[in-house]
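Here's a short tour for anyone just starting out with protein structures. Take a look at the picture, and then we'll walk through some of its parts together.

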Amino acid sequence: MTAPLIEVRNLTRHFRVRAGMFSDARPVIAVDGVSFAVPAGDVLGVVGESGCGKSTLARIILGLLEPTSGDVLIDGKSLAGLDRRERARLIQPVFQDPYSSLNPRRRVRDVVGMPLMAQDGMSAAAARKRVDEMLARVGLDPVMAERLPAELSGGQRQRVAIARALVLHPRIVVCDEPTSALDVSVQAQILNLLSELRRSFGLTYLFISHNLAVVEHVASEVAVMYLGRIVEQSATQTLFHAPRHPYTKALLASVLTPEPGLGIPETGLGDAMPDPANIPPGCRFHPRCPVAIDRCSREAPTPMHDRRGLVECHLEGAAS
Amino acid sequence: MTALLEVRDLEISFSGLSAVRGASLTVAKGETHCLVGESGCGKSVTALAVMGLLARNGARKATALRFDGTDLLGLDERAMSRLRGNRMAMIFQEPMTSLNPAYTVGSQMAEVLRRHRGTTRTAALDRAVELLTLVRVTSPGLRIGQYPHQLSGGLRQRVMIAMALMCDPELLIADEPTTALDVTVQAQILRLLADLQKDLGLAVLLITHDLGVVARMAHRVSVMYAGEVVESATAANLFARPMHPYTRGLLACVPVPGKIKPDQPLGSIPGMVPQIGRDFLGCGFRERCGHARPDCAGTIPRRALGPDHDYLCQLEPDATAP
């Protein structure tokens with residue numbers, strides 16, 4: 001077993017949110033005791049519905065948010081101990097919306113070259129050369145370098161965002177819903193590009209998405225998040241072919257494959273919606289769980305690790 | 001099957017810029033017709049043109065635009081607004097922006113009935129509760145007194161659907177109704193739409209970019225690209241025998257869970273959607289198409305593959321095989 005490149009230990013993040021001008025601030029628990037490790041060169045996919053804490057997790061690992069408690073170790077060193085420049089050389093983001101994540105007033109060349117400027121000791125000529133190489137690697141025509149983001153399509157902008165993320169040759173890229181804003185034909189182009197770049201640069205991805213099919217395509221391992229916790233994690237093939245947690249099963253059942261005549265699946269989930277400001281006692285999934293038993297509403301399940309991975313469910317614990 | 005909505009050679013332009021160039025489609029009574037395509041292909045404006053809701057700088061032209069035999073092109077705004085929300089209703093992608101945040105769910109729903117039917121407030125509220133029950137909203141009596149911000153995304157979309165059904169419409173146009181929702185909620189809402197369609201005998205024009213939604217919901221499908229319907233078929237035929245190179249390309253792009261081979265690239269369509277100006281001629285897909293030939297820049301024939309399947313392409317049926 002190789003030493004993990006990213007290791008996250010018991011990560012927790014709380015927010016205080018005021019529901020209105022006069023009401024007291026309520027704690028919102030966005031990430032609640034998350035631990036995982038990603039070996040170098042792997043892709044950990046994180047899936048879950050809105051509000052499950054997946055983007056908060058991404059922001060913590062990028063160093064954009066401080067965890068309330070817990071540690072992030074990169075190559076054995078604490079993320080909190082790194083300064084901004086060191087962090088930027090190790091970890092870079094690709095965000096969902098290429099329309100809002102690029103500075104509209106800067107030309108593509110400057111957007112991509114900015115990280116090089118921010119780091120010390122690169123001459124303008126060398127930086128220019130590196131930017132040109134990077135643009136070519138992400139499949140952008142050299143003439144694009146002089147354009148403004150507004151002059152590009154969504155797919156081209158996401159290529160620019162990827163070029164900017166890779167220009168420092170980081171080791172880790174955190175992709176937060178990188179294709180959600182794109183059309184399906186462009187999504188395929190970007191996913192193929194990300195896979196190819198991972199292989200040629202030896203990158204490690206944390207890949208966050210609500211789209212299970214996309215995650216299955218890129219990830220080597222998948223973590224399923226529900227209300228701030230990882231409820232199931234295992235190798236991609238295992239998770240997709242033999243899901244164990246009832247929530248994972250419901251998520252997989254909800255995916256509409258392009259196969260006519262199969263109709264719309266019954267998920268078995270009730271109407272209750274997950275609310276991170278109001279986490280249910282016991283198992284946090286029990287109000288929506290189709291197979292919940294008495295114990296689920298009283299007692300929180302503990303994570304169970306075995307050779308297939310991790311699962312957090314009373315029923316799985318009892319079955320094995 | 002009788003046509004409830006008939007659109008022939010619809011052309012839409014905005015300040016002279018062409019958005020839809022000659023789209024035709026027919027929605028039969030009691031059938032779900034999916035209009036599928038990527039952003040900018042003209043699917044939403046087609047729906048808006050049918051509803052008479054184009055922006056002020058938008059112009060529509062068609063050889064026929066008929067709803068249950070009535071010529072919609074000849075109707076003035078007053079006559080159109082009597083149809084809209086009454087016999088034909090529409091729901092949109094983002095329920096938060098289409099519900100008024102300042103009014104309760106009940107009063108917004110009741111307004112539809114009071115306006116179109118002159119129903120009293122009490123009777124209209126009763127009907128609202130009845131419809132919220134129909135769309136499987138729990139404790140509807142409580143919900144009618146709540147404001148949109150107090151509801152989750154899935155609930156808001158249920159409220160929108162219930163509101164659209166207040167006057168028993170014959171046609172429901174749903175523009176990306178589940179795109180903003182989580183997958184589990186999407187499945188619940190689509191299931192509801194499919195059940196309502198069957199139980200009430202609704203005709204549904206469902207606009208989506210998601211081929212998974214199309215496969216599971218549609219009786220009939222029209223694929224739009226660059227302002228044209230490039231292929232139209234029953235759902236079974238479209239997925240079994242896609243003819244247009246764009247339809248084939250689109251199907252290859254979709255990652256299908258369980259059928260994914262690690263480290264094998266997804267199919268993708270090179271390039272991007274062209275800008276179609278006023279004088280755009282020929283096939284809109286030719287620059288991205290592996291089968292393109294010189295005559296693709298000219299007039300493109302619509303080829304039939306049986307009575308229920310046609311596509312817009314220079315290639316003969318056996319020549320589009322990959």
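To talk about how helices cross, we need axes: an axis here is a line fitted to C-alpha atoms, for helices over the stretch in contact, and angles run from 0 to 180 degrees between N-to-C directions. Keep in mind that this is a predicted model.

Helix α3 (residues 108-118) of chain A and helix α5 (residues 154-166) of chain A have axes that come within 7 Å and cross at roughly 30°. Angles under 35 degrees count as roughly parallel, so α3(A) is roughly parallel to α5(A). The crossing of these two helices, α3(A) and α5(A), is right-handed. On the α3(A) side, the contact is made by A:V108, A:V111, A:V112 and A:P115, while α5(A) brings A:V160, A:A163 and A:R164.

Now zoom out to the whole of chain A. It's built with 11 helices and 12 strands.

| Property of chain A | Value |
|---|---|
| Span of the C-alpha trace along its principal axes | about 70 × 50 × 50 Å |
| Buried residues, out of 320 residues | 48% |
| Contacts joining residues at least 24 apart, among those between residues at least 6 apart in sequence | 64% |

Over in chain B, there's an open sheet of 8 strands with mixed pairing, in the order β7-β8-β9-β3-β10-β11-β13-β12. At its edges stand β7 (88-91) and β12 (302-304) of chain B, each with a single partner strand, so one side of each has no neighbour in the sheet. Neighbouring strands of this sheet are turned by 20° against each other on average, direction ignored.

One pair in chain B is β10 (residues 220-225) and β11 (residues 228-234), which run antiparallel and are joined by 6 bridges. For example, B:M224 has B:V229 in β11(B) as its bridge partner. Helix α7 (residues 153-164) of chain B packs on the sheet, where it touches β7 and β8 (171-175) of chain B, and its direction makes about 170° with that of β7(B).

Finally, how do the two chains meet? In all, 39 residues of chain B are in contact with 38 residues of chain A. On the chain B side, the elements giving two or more residues are α8 (183-200), α9 (211-217), α10 (235-240) and α11 (245-253) of chain B. The largest share of that side, 8 residues, comes from α8(B).

Methods:
Residues are numbered from 1 along each chain as its sequence is written. Chains are lettered from A and ligands numbered from 1 in the order in which they are written. This is a predicted model: local features need pLDDT of at least 70, side-chain atom pairs count only at pLDDT 80 or more; totals for chains, interfaces and linings use all residues. Two strands pair if DSSP finds at least two bridges between them. Helices (H or I, at least four residues) and strands (E, at least two) are DSSP runs, numbered from the N terminus. Two residues are in contact if their C-beta atoms, placed from the backbone, lie within 7 Å. A residue is buried if 20 or more other C-beta atoms lie within 10 Å of its own, exposed if 12 or fewer, and partly exposed in between; C-beta atoms are placed from the backbone. Angles under 35 degrees count as roughly parallel, over 145 as roughly antiparallel, 65 to 115 as roughly perpendicular and the rest as oblique. A crossing is left-handed if the near helix is turned anticlockwise from the far one by less than a right angle, and right-handed if clockwise.
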